[in-house]
Amino acid sequence: MSSLARLKAAKSLDDVAQLLGYQPKGLAYILYKISDTAKYSEFEIPKRAGGVRRIKAPAPKLKALQRRLANFLYVCLAEIEKSGAPRRPLSHGFARSLSIVSNASTHKRRRYVLNLDLRDFFETINFGRVRGILMRDRRFELEPKVATVIAQIACHDNSLPQGSPCSPVLSNIVGHLLDIRLVRLAKQHKCTYSRYADDITFSTSRANFPPELAAQAGAAGEWQLGPLLTSEIQRAGFSIHNEKTRMQVRGSRQLTTGLLVNEKVNIRPEYYRTTRSMCSALFSTGEYYQMIPAAAAGGKASDPDVKLTIQSPASLEGRLGHIYQVRNSVDRRASADKKKNSTATRELYHKFLFYKNFVALQKPLVITEGKTDAIYLKCAIQRLSSFHGKLAATVDGKLKLNISFLNFTSTVHDVLQLGGGTGDFKFFMLRYNELINEFKHAPLLHPVILLIDNDEGAKEVFSVAKGLGVKDISHASMDQFYRIHANLYLIKTPERRGTKPQTCIEDFFERSVLDIEIDGKTFDPGKKHDEDGKYGKSRFAEKVVRPTAPTINFAGFSELLNRMVAVIDDYAARPSTR
């Protein structure tokens, strides 16, 4: 039975609890026993145009429940979309396969682009609307008791709170009626419609924009929304933020959800230039400046922006990630060609990520050949008390690592070209010296440790290391580490003594752990996926090592961890990093 069918068949709180993986008593406790004042913490964020945005952050238990509800509803919406005829999406906000880029792409190269905003979008959607739409919407038609429980999970102070994980998906469900009415209106007048959260856009290439939607009025010729459009929005239960209504005609700058749409979807040039300038300052001095609204600095909204000095790369990373997402999304070249003919955006993002991860790193960094190796090592460090104080420390009663592991995200793989494996390591080692020397500000406070299996795949890495000046490195060599350049080190899994010194990281588990079967399948570290009665490293890490770590003897990892400690000690003793 599908998730949607199970939801429609639900009759009570008990059924909702089962759908969300809760015991009925546990769900009831969160909803009815925790006081309203304890369910949320509230704070305000200044708006650039003045005023504040009130954020209501749910307590951890409630947040976990809301996240499960959101995930469940997203699955239901995906099933609804899959079961119907293919159609162009109308709402691009809070949709997992859509974005501001897909929203803006709908309106590129048009004669007219009309943008309008809905006022107090989340606050307008109250308890009754959430409950009512879940009962009346033909896609759901839930039992009243079930709709009531979902609305109780989602709402606070009779509205959808900003800060709740389930407010976005429920706002889209409630806003679906508005989308249907407005897309019908747009079609009647040969326009294109889309919505991104509270941001609505109509566009057309007609000689004249339909006055039923908007028309110029008054001596100044300002654009005002037509009564028919206004009426449809109000009938759907929303109100318009008239001060934010704007018409953009061909020949002038046309923006949709903050992106240029005149010819192709793109970032505003001044936004990119500012970000590039901030990067240049960071790479040269270790800090950069950012202009923030005066209200955010405690001033008045009418005051000029304030110049703020920043040393953390976090804000800058968000800007670069946004630029890269937009420009990479509209780049139609094949992936291989993108790497061959790298754009200025890709090169800038690569330089930033290299600086953040390897030049200005906050603690020693370990780069493993894959995600599973990091899981093994984290568990081993936590379990082996002899390494507490060296590789981990107790903070506020909790054990936290003193080292970090490179997170193999899609961005790291695409931009830094590090996806795990010795093939990527070779080129990383060869370019490291060249890349380090591009930065005037290079604190290099901590080492970067490449960790490889001492197996047949390591031969090419050994060859590159020798070309970079490393002497006597082989499967049989027994040095604890090999310094490549500056703060870059290489260590290999401890070798066996004798004629077959090759090892891989899984060799340091006891045989009893490696022999654990899952669904009748045995572990094979050479497999990436389950096949032929075997399961691979990913499943071994997630289904065996992580959940049973407290019972596993990690003593076999001691020598490998000792090598990591030796690198940290060696680097700390060096007076110069370059």
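These are my notebook entries on a predicted model of one protein chain.

**Ground rules.** I number residues from 1 along each chain as its sequence is written, and my side-chain values use heavy atoms, with hydrogens and water left out. As the model is predicted, local features need pLDDT of at least 70 and side-chain atom pairs count only at pLDDT 80 or more, while totals for chains, interfaces and linings use all residues.

**Entry 1, overview.** I found 22 helices and 21 strands in the protein chain. Helices (H or I, at least four residues) and strands (E, at least two) are DSSP runs, numbered from the N terminus. I then boxed the C-alpha atoms along the principal axes and got roughly 85 × 55 × 50 Å. Of the 578 residues, 47% are buried (under 20% relative accessible area; exposed is over 50%, partly exposed in between; 1.4 Å probe, protein chains only).

How many residues of helix α15 are buried? I count 12 of the 16 in residues 344-359, so the helix is largely enclosed by the rest of the structure. Among the buried ones are Arg346, His350, Asn357 and Phe358.

A pocket is an open set of points on a 1 Å grid over the protein atoms alone, with protein on both sides within 12 Å along at least five of seven lines, and lining residues have an atom within 4 Å of a point. The volume is the space filled by probe spheres set on the points. I see 31 lining residues, with Glu81, Pro89, Leu90, Arg139 and His176 nearest the centre of the pocket. Helix α5, helix α10 (167-188) and strand β4 (192-196) each give two or more residues to this lining, and α10 has the largest share with nine. By class, the lining has 17 nonpolar, six polar and eight charged residues. Here Ala, Val, Leu, Ile, Met, Phe, Trp, Tyr, Cys and Pro count as nonpolar, Asp, Glu, Lys and Arg as charged, and the others, Gly among them, as polar.

A cavity is a set of grid points where a 1.4 Å probe fits but cannot get out. I found one of 30 Å³ or more. Which residues line the largest cavity? They are Leu7, Val16, Leu19, Leu20, Leu69, Phe72 and Ile150. Helices α2 (13-19) and α5 (60-83) each give two or more residues to that lining. I note seven nonpolar residues there, no polar and no charged.

I looked up Leu468 last, in the loop between α19 (459-467) and β18 (482-485). Leu468 is partly exposed, with a relative accessible area of 33%.
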